[in-house]
Amino acid sequence: MALVYDRYLDYATARLRDGASGAAAVEEALAHAHACWAALLAGPSPAGDAWCVLRAAVTAHRPGATASRPGPVDLLHRHLPDPLADAALLHHGLGLSVLDVARLMGTDPGAVRAGLRSADRLIAAGGAFSLMEGRAPRA
């Protein structure tokens with residue numbers, strides 16, 4: 001559980017750009033997951049469902065100021081569907097392997113690879129890792 005918590009915290013902190021806010025979002029997500037644990041376990045992908053709970057908690061903790069001063073991760077999530085942006089953040093931004101990303105997000109490694117190819121094309125359209133560096137893609 002500690003490994004998952006640490007990775008959840010790294011993700012939340014990267015998205016929120018603040019350790020305290022990241023920790024609060026993770027604690028909220030884990031409390032929610034605990035409250036509906038039986039339902040999570042009964043579903044087809046408990047890890048995937050827990051990831052969606054985490055993403056929702058992180059999104060709820062995002063300050064309004066981020067929209068006026070978007071960082072690289074905000075731009076990733078603005079230009080890509082959430083699962084692809086999350087996979088790109090976890091893999092490129094936080095250095096997780098494709099297999100670790102798939103396990104954490106509760107999805108298939110093939111789906112992560114396909115999503116990363118899509119993300120990489122968008123990132124390449126603006127230059128090497130431009131979205132991770134905070135630049136919007138070229139038109």
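The legends below describe close-up views of a predicted model.

**View 1. Confidence along the predicted chain.** Averaged over the chain, the pLDDT is 83, and 81% of the residues score at least 70. Among the elements of the chain, helix 8 has the highest mean pLDDT, at 97, whereas helix 5, which covers residues 65-68, has the lowest, at 48. Over residues 134-139 the pLDDT stays under 50, and for this stretch the model has 17 contacts beyond four places in sequence. Where pLDDT is low, the predicted coordinates should not be read in detail.

**View 2. A salt bridge between Arg-7 and Asp-100.** A search of the whole structure finds 3 salt bridges, and one of them joins the side chains of Arg-7 and Asp-100, with a distance of 3.5 Å from N to O. Arg-7 belongs to helix 1 (residues 2-16) and Asp-100 to helix 8 (residues 98-105), so this pair ties together parts that are 93 residues apart in sequence.

View 3. Arg-103 is exposed, with a relative accessible area of 56%. Through these contacts Arg-7, Asp-100 and Arg-103 are linked in a network of salt bridges.

**View 4. A salt bridge between Arg-55 and Asp-86.** In this pair the closest N and O atoms of Arg-55 and Asp-86 are 2.6 Å apart. Arg-55 sits in helix 4 (residues 46-60) and Asp-86 in helix 7 (residues 82-93), and the pair links distant parts of the chain, 31 residues apart. Arg-55 is buried, with a relative accessible area of 12%, and Asp-86, at 0% relative accessibility, counts as buried as well.

View 5. A pair of aromatic rings is described by the distance of the centres and the angle of the planes. The structure holds 2 aromatic pairs. Tyr-8 and Trp-51 form an edge-to-face pair, in which the centres are 5.7 Å apart and the planes stand at 70° to each other. With Tyr-8 in helix 1 and Trp-51 in helix 4, this pair links distant parts of the chain that are 43 residues apart. Tyr-8 is buried, with a relative accessible area of 6%, and Trp-51 is also buried, with a value of 1%. Tyr-11 and Trp-51 form a tilted pair, with 4.6 Å from centre to centre and 55° between the planes. Here too the pair links distant parts of the chain, Tyr-11 lying in helix 1 and Trp-51 in helix 4, 40 residues apart. Both Tyr-11 and Trp-51 are buried, and the ring pairs link Tyr-8, Tyr-11 and Trp-51 into a cluster.

**View 6. The largest nonpolar core.** In soluble globular proteins, nonpolar side chains tend to be buried together. The largest nonpolar core of this model has 31 residues, of which Tyr-8, Trp-51, Leu-54 and Leu-90 touch the most other members. Helix 1, helix 2 (19-35), helix 4, helix 7, helix 8 and helix 9 (109-125) each supply at least two residues of this core, and the largest share, 6 residues, comes from helix 4. Leu-54 touches Tyr-8, Tyr-11, Val-26 and Ala-29, when residues up to four places away in sequence are not counted.

**View 7. The surroundings of Ala-25.** Ala-25 has its place in helix 2 and is buried, with a relative accessible area of 0%. Leaving aside the neighbours within four places in sequence, Ala-25 is in contact with Leu-16, Ala-57, Val-58 and His-61. The C-alpha atoms of Ala-25 and Leu-9 are separated by 8.4 Å, while along the chain these two are 16 residues apart.

Definitions and conventions. Residues are numbered from 1 along each chain as its sequence is written. This is a predicted model: local features need pLDDT of at least 70, side-chain atom pairs count only at pLDDT 80 or more; totals for chains, interfaces and linings use all residues. Side-chain values use heavy atoms; hydrogens and water are left out. A salt bridge is a side-chain nitrogen of Lys or Arg within 4 Å of a carboxyl oxygen of Asp or Glu. Helices (H or I, at least four residues) and strands (E, at least two) are DSSP runs, numbered from the N terminus. Buried means under 20% relative accessible area, exposed over 50%, partly exposed in between (1.4 Å probe, protein chains only). Rings of Phe, Tyr and Trp (its six-membered ring) pair if their centres lie within 6.5 Å; planes under 30 degrees apart count as stacked, over 60 as edge-to-face and the rest as tilted. A nonpolar core is a set of buried Ala, Val, Leu, Ile, Met, Phe, Trp, Tyr and Cys residues joined through side-chain atoms within 4.5 Å. Contact means heavy atoms within 4.5 Å. pLDDT is the predictor's confidence in each residue, from 0 to 100.
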